[in-house]
Amino acid sequence: MRGIELNQHIRASLALLIESADELRDLDQALGDGDLGITVTAGSRAVITELEQLGDAATPTEIARTAAKAFANANPSTMAALVAGALLSGSRTWEGKDEIGLPEASAFVAAAAASIAHRGKTEVGDKTILDGIVAAADALASAGDPAEGMTSACDAAARAVRETTELQSRRGRASWLQERSIGLPDPGATAFWRFLEAWAVVSARPH
Amino acid sequence: MKKIINAPEDFVDEFVEGILLAHPDLVRTPGDDLRVMVRADAPLAGKVGIVTGGGSGHLPLFKGYVGAGLCSGVAIGNVFSSPSSDQILQATKAVDGGAGVLYLYGNYGGDVFNFDLACDLAELEGIPTATVLGRDDVASQPRERKHDRRGVAGILFAYKAAGAAAERGDSLEQVVAVTEDVVEHTATIGIGLAPTIMPTTGKPSFELPDGEMEIGIGIHGEPGSRRGPLETADEIADHLTSALVDDLGLGEGSRVAVLVNGLGATPLEELYVLYRRTHRFLADRGIEIVKKYVGEYATSLEMAGASISLLELDDARLELLEAPARSPFFREG
């Protein structure tokens, strides 16, 4: 996937992700402060707008950095800052590359996971977006081809949401609910899963 | 609720505009975003820039300490909320004189996320940054977890030291070292008597019955770490100062700077009554008071209450405190 295709794919996926905004808002109202719907909607729209302005010659690194800045500025929430930092970390793994394949996707997602763990001072099992990202990074790392990578990453992200639902949230506002958080799906991990689902739907469309 | 405001959502932009109009010789806004303010002569070639920031509602805190010998720039959030990473980046670019930029602000989640992201963005622009967090509130975490403490009024000492070090031409690494050293030797604790009222909601931030006070109060209208019966000024001074002396391990022969800070609605007279006893408490233990600050340095809108901060001094820290500085709200020398 070259820059121009990557750009189109991100925009199409985010347009689909916005359709999950109400679900994410409701999940976040139960566990957080309810602004995840706005973060995802405003952030996705801002990324789409900024990526439309980029020329066809933009490199994958430039695309990821443009997306990061747009997402962070749209609604400066904690989640937006974490996601933007993760995208910037990922963009460093793409420096000098014009073509994004499975190894590049895998390196990007692994760097994004490391950034969220470091900045969010969180680890797997804390019931956050990190659980989904790490699961997807592992799936990509062991996949044999891009199609298998896509499917297994998406399945892994879905599984991470299911398996952490019964855990107690240990980071962020959700942790203030203590044992009341048990049984509620994590909004951040759900958002990541919905994004991968959208990415897979766009991949399946005829080119 | 009665407040001297126009539309609540214009509150922040309007008071920033007021500061800019009142002090054009000291501060300016580098672009068209009122939420970014820098010292009038920024950037200073070859000198480390210092960017601070955080929510509004704490004046003089954050924006009041932009000036010569203090911070070089500030990013300004809404009341009690973080500025965006883009605003921090704009301040960074406007103060970068080629020697790197120090981010110095209080330890709060939202601010940390946005400043950390600004570090990444600045790096992409080729501007090296480093971060030191104010974390002086001894009531927020025990000494063993001091790195998780929140930042309150004691950050004044860190601003003063960082600004003086940058002004004399220290490298970014050196500015970080002296600022960390000051943060390490600073401790603050406060009490609250009446809550903050948010301009946007018009509601008090907590209810506090007559005859009670919040102990270990922060500067965001949040309750303290515990609640107790209201004490006399002397009892308050003794309890707060004793907690600080213990935390810093001070004793006979120690030298300190003392800051008695009003939280917004407490008269100067009461602050001086507190200072009186604090002074005597320290003097009785053979602790020498070298620098004194009494007044409003970090507030929480109209919260009633006060905090006491101590900085343990050595010659190096004292030299930094005594270096000249000038901002709209602070002057030394």
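**Close-up 1. B:Leu301, a buried residue with positive phi**. B:Leu301 counts as buried because 23 C-beta neighbours lie inside 10 Å (buried: 20 or more other C-beta atoms within 10 Å of its own, with C-beta atoms placed from the backbone). Its phi is positive, about 50°, although B:Leu301 is not a glycine. The residue sits in the loop between β11 (288-295) and β12 (304-312) of chain B; strands are DSSP E runs of at least two residues, helices H or I runs of at least four, numbered from the N terminus. This is a predicted model: local features need pLDDT of at least 70, side-chain atom pairs count only at pLDDT 80 or more, and totals for chains, interfaces and linings use all residues. Residues are numbered from 1 along each chain as its sequence is written, and chains are lettered from A and ligands numbered from 1 in the order in which they are written.

**Close-up 2. The loop between β3 and β4 of chain B**. B:Phe62 lies here. Its phi is positive, near 70°. With 26 C-beta neighbours inside 10 Å, B:Phe62 counts as buried. B:Pro60 is found in this loop too. A cis peptide bond joins B:Leu59 to B:Pro60, with omega about 5°.

**Close-up 3. A cis peptide bond at B:Pro43**. The bond runs from B:Ala42 to B:Pro43, with omega near -5°. B:Pro43 lies in the loop between β2 (36-39) and β3 (49-56) of chain B. Most peptide bonds are trans.

**Close-up 4. The contact between chains A and B**. Chain B gives 13 residues and chain A twelve; contact means C-beta atoms, placed from the backbone, within 7 Å. On the chain B side, α3(B) provides the largest share, nine residues.

Technical notes
Contact = placed C-beta atoms within 7 Å. Buried ≥ 20, exposed ≤ 12 C-beta atoms within 10 Å, placed from the backbone.
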